[in-house]
Every structure is written in C-alpha cells, then in structure tokens.
Amino acid sequence: MAPSEKYLRTCNKGHNYYKSSDCPTCPTCEQERKPSQGFLSLLSAPARRALENNGITSLQQLSKYSEKEILQFHGMGPASLPKLRSALQESGLSFRR
Ligand SMILES: [Zn+2]
C-alpha cells in the first residue's frame, strides 16, 4: 500500500473527507469552529434573532455595544451573555465599556 494513498474518512459528525496522512482533523468541522463566524450559532433562537434584528451579525459589530445595551434587546436573556463574552474574548474583542 503506497504511503501517499488517500483514505475516505468520516468524522463523528458524519462529514466525509479524504486525508492522505493520519491527521484526524475534519476540514468541515475545522471551518465550523471559526469563532468569528460561528458565534450566532452558540445562541438560542430568540437571542440570535435579537442580535440580527439590531444588525449584529459579526463579533466586530457586537463589540460596539455594552452588555447593558445588548440585554435591552427584545429576546436577549442574561444566559446568553457569558457565551457572547467568551466568543468576543476568543477574537481579542470585548463589549464596549
Ligand atoms: Zn466533520
């Protein structure tokens, strides 16, 4: 068996991908983990809509608001704040003070 041969792999989320090495990283999962694109998916549906209704679809836009302002959005609950805070932190951002 040639060492460069590619194997069809399936990750634990069911994505199929080919890898020639024994690196177990799934490219689809790797993309989904990008924090600046995925932070809305951490939230409950009402909280996500609350942000989207206010035009917030990126962490950069989120960082222009304070925690107080975010909590005033209809549908946003205090349980979502820690998730938003850590998502901001992972990108080197924070809520406006
Ligand atoms: Zn995957």
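# Zinc site, hairpin and side-chain pairs

Trainee: Hi! How many disulfides does the count come to?

Mentor: The count comes to zero disulfides, taking a disulfide as a pair of cysteine sulfur atoms within 2.5 Å. Before we go on, this is a predicted model, in which local features need pLDDT of at least 70 and side-chain atom pairs count only at pLDDT 80 or more, while totals for chains, interfaces and linings use all residues. Residues are numbered from 1 along each chain as its sequence is written, and side-chain values use heavy atoms, with hydrogens and water left out.

Trainee: Okay, and which residues are the protein donors of the zinc ion?

Mentor: Cys11 (SG), His15 (ND1), Cys26 (SG) and Cys29 (SG) are the protein donors, at 2.0 to 2.4 Å from the zinc ion. Donors here are N, O and S atoms within 2.8 Å of the metal (3.2 Å for Na, K and Ca); water is not among the atoms, so sites may look incomplete.

Trainee: What is the spacing of those donor residues in sequence?

Mentor: The pattern reads C-x3-H-x10-C-x2-C. Cysteine 11 sits in the loop between β1 and β2, and cysteine 26 in the loop between β2 and α1 (27–32), so this pair links distant parts of the chain, 15 residues apart. Helices (H or I, at least four residues) and strands (E, at least two) are DSSP runs, numbered from the N terminus.

Trainee: And what geometry does the zinc site have?

Mentor: The site is tetrahedral, with angles of 106 to 112° among its four donor atoms. Four donors count as tetrahedral if all angles lie between 85 and 135 degrees; four count as square planar and six as octahedral if opposite donors are over 155 degrees apart and all others between 65 and 115, and anything else is irregular.

Trainee: Is cysteine 26 buried or exposed?

Mentor: Cysteine 26 counts as buried because its relative accessibility is 5%. Cysteine 11 is buried at 12%, and cysteine 29 is buried at 11%. Buried means under 20% relative accessible area, exposed over 50%, and partly exposed in between (1.4 Å probe, protein chains only).

Trainee: You mentioned β1 and β2. In what sense do they pair?

Mentor: Strand β1 (residues 7–10) and strand β2 (residues 16–19) pair in the antiparallel sense over four bridges; two strands pair if DSSP finds at least two bridges between them. Leucine 8 stands opposite tyrosine 18 in β2. The two strands form a hairpin with five residues between them, and glycine 14 in the turn has a positive phi of about 95°.

Trainee: Switching topic: how many salt bridges does the structure hold?

Mentor: There are two, where a salt bridge is a side-chain nitrogen of Lys or Arg within 4 Å of a carboxyl oxygen of Asp or Glu. One joins the side chains of arginine 85 and glutamate 67 (2.9 Å, N to O). Arginine 85 is in helix α6 (residues 81–90) and glutamate 67 in helix α5 (residues 67–71), 18 residues apart.

Trainee: What about the pair with arginine 96?

Mentor: Arginine 96 meets glutamate 69 (2.9 Å, N to O). Arginine 96 lies in the segment after α6 and glutamate 69 in helix α5, so the pair ties together parts 27 residues apart in sequence. Arginine 96 is partly exposed at 40%, as is glutamate 69 at 29%.

Trainee: Last one: how many aromatic pairs does the search find?

Mentor: One aromatic pair. The rings of tyrosine 65 and phenylalanine 73 have centres 5.7 Å apart and planes at 75°, so the pair is edge-to-face. Rings of Phe, Tyr and Trp (its six-membered ring) pair if their centres lie within 6.5 Å; planes under 30 degrees apart count as stacked, over 60 as edge-to-face and the rest as tilted. Phenylalanine 73 is buried at 11%, whereas tyrosine 65 is partly exposed at 25%.
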